[in-house]
Amino acid sequence: MIERVLRLYPAAYRRAHGGEIVATFREMTAGEPLGSRLREGAGLAAHAARMRMGLGTAAPVAKVLALAYPFALAAAAAACGLHLLSWYAGVVSSPAPLGVRLGTDLSGAWGALLVSSLVVVAGSVAALAGRWRVGVPCAVAGLLSFAAAAVVSGRAFGDPVVTPAAMVLAAAVLLACPQDRRAEGVAAGRAGAAGAVVALVVVPRAAIASHGVPWVSTDYGCWPLVVLAATGVALTWSSGSRGGRELAAMALASPPLLAHAYTVAWGEAAVVACLAAALPATAVAAGLAGRLRRSGRILR
């Protein structure tokens with residue numbers, strides 16, 4: 001298997017490091033079960049694909065991917081959390097007996113969507129906690145199975161094109177981040193900030209669904225995008241940068257939440273305006289935040 005994976009690397013890289021890769025792989029997988037060997041092989045294949053696309057550790061885009069990585073996990077977990085919350089609220093409010101409702105919802109494509117959502121949330125939490133060797137494959141598998149189930153379910157759930165495309169893009173961002181940059185991505189409080197994004201997206205919606213607070217419409221899906229945009233501004237302010245890297249990172253992280261906003265509103269004017277303004281507004285705010293922060297440093 002390792003010889004086939006090795007062919008995925010660029011020829012020059014293969015000539016320079018092929019022997020070392022084979023030796024390391026065989027040492028790490030000696031006596032291991034098939035599942036472990038397949039997992040290590042998949043990791044090498046993903047690394048080879050990144051090398052083919054110029055996404056090595058030293059590439060400038062790797063810094064953007066490292067910053068986007070925890071927030072891509074957060075956006076995926078938040079979108080799937082909202083899906084689970086919506087399902088649970090429907091179960092609670094349904095007049096049908098619980099057993100009948102569960103039997104209906106947990107079968108077919110809908111059941112696959114729910115299980116996939118749970119897998120994404122669990123994988124994202126594990127990856128943000130530093131266990132990326134388990135968490136990232138789990139989150140990616142959940143995102144891809146969610147995409148497949150959304151295609152099968154068709155118009156019964158969201159959009160059969162937008163939702164799957166967004167989940168595949170989210171999985172691609174996670175896979176594109178170099179492995180040795182993942183620890184950097186969750187360092188310096190970013191894992192906590194990513195967890196805060198999930199909480200700020202899901203908790204207000206849960207409070208409204210449980211009638212714990214006065215009803216406010218969040219069905220247009222704009223609130224999650226506002227949270228992500230505000231996070232980009234906060235990161236720019238804390239780093240004192242010009243905001244370009246932060247904007248790019250939030251854009252890479254946003255597809256699951258953009259898809260959620262699109263599918264819950266179905267083309268309503270409010271969400272169209274929100275989607276059109278979210279990233280430009282973030283760019284302006286991030287740039288202003290970075291400029292104010294740098295000006296403050298100069299004055300001091």
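How many helices and how many strands does the protein chain have? After that, please look closely at helix α11 (residues 222-239).

Reply: The protein chain has 14 helices and zero strands; helices (H or I, at least four residues) and strands (E, at least two) are DSSP runs, numbered from the N terminus. This is a predicted model, in which local features need pLDDT of at least 70 and side-chain atom pairs count only at pLDDT 80 or more, while totals for chains, interfaces and linings use all residues. Residues are numbered from 1 along each chain as its sequence is written, and side-chain values use heavy atoms, with hydrogens and water left out.

Read along the sequence, the chain follows the pattern α-α-α-α-α-α-α-α-α-α-α-α-α-α. Of its 300 residues, 42% count as buried (buried is under 20% relative accessible area, exposed is over 50%, and partly exposed is in between, with a 1.4 Å probe and protein chains only).

We now turn to helix α11. Helix α11 spans residues 222-239 and packs against two other helices, namely helix α10 (residues 190-209) and helix α12 (residues 244-253). Two packed helices are described by the angle between their axes and the distance between the axes. The axes are lines fitted to C-alpha atoms, for helices over the stretch in contact, and angles run from 0 to 180 degrees between N-to-C directions.

For α10 and α11, the angle is about 155° and the axes are 9 Å apart. These two helices are therefore roughly antiparallel to each other (angles over 145 degrees count as roughly antiparallel, under 35 as roughly parallel, 65 to 115 as roughly perpendicular and the rest as oblique). The crossing of α10 and α11 is right-handed; in such a crossing the near helix is turned clockwise from the far one by less than a right angle, and in a left-handed crossing anticlockwise.

On the other pairing, α11 and α12 also pack at an angle of about 155°, with their axes 9 Å apart. Again, α11 and α12 are therefore roughly antiparallel to each other, and their crossing is right-handed.

Ala194 lies in helix α10, and Ala194 counts as buried because its relative accessibility is 0%. Between Ala194 and Thr231 there are 8.8 Å in space, C-alpha to C-alpha, although they are 37 residues apart in sequence.

Trp223 and Val226 both belong to helix α11. Trp223 counts as partly exposed because its relative accessibility is 38%, and Val226 is likewise partly exposed, with a relative accessible area of 42%. Together with Leu200, Trp223 and Val226 make a nonpolar surface patch of about 270 Å². Patches are made of residues with over 30% relative accessible area and no salt bridge, like charges being joined within 9 Å and nonpolar side chains (Val, Leu, Ile, Met, Phe, Trp, Tyr) within 5 Å; a salt bridge is a side-chain nitrogen of Lys or Arg within 4 Å of a carboxyl oxygen of Asp or Glu. The areas come from the Shrake-Rupley method with a 1.4 Å probe, and for residues only the protein chains shown count as cover. Trp223 and Leu200 are 23 residues apart in sequence, and their C-alpha atoms are 9.0 Å apart in space.

Helix α7 (residues 132-153) and helix α8 (residues 162-176) pack at an angle of about 165°, with their axes 8 Å apart. That makes α7 roughly antiparallel to α8, but α7 passes α8 in a left-handed crossing.

Arg181, found in helix α9 (residues 179-185), is buried with a relative accessible area of 12%. Leu73 lies in helix α4 (residues 60-93) and counts as buried at 0% relative accessibility. Leu73 and Val125 are 52 residues apart in sequence and 8.1 Å apart in space, C-alpha to C-alpha.
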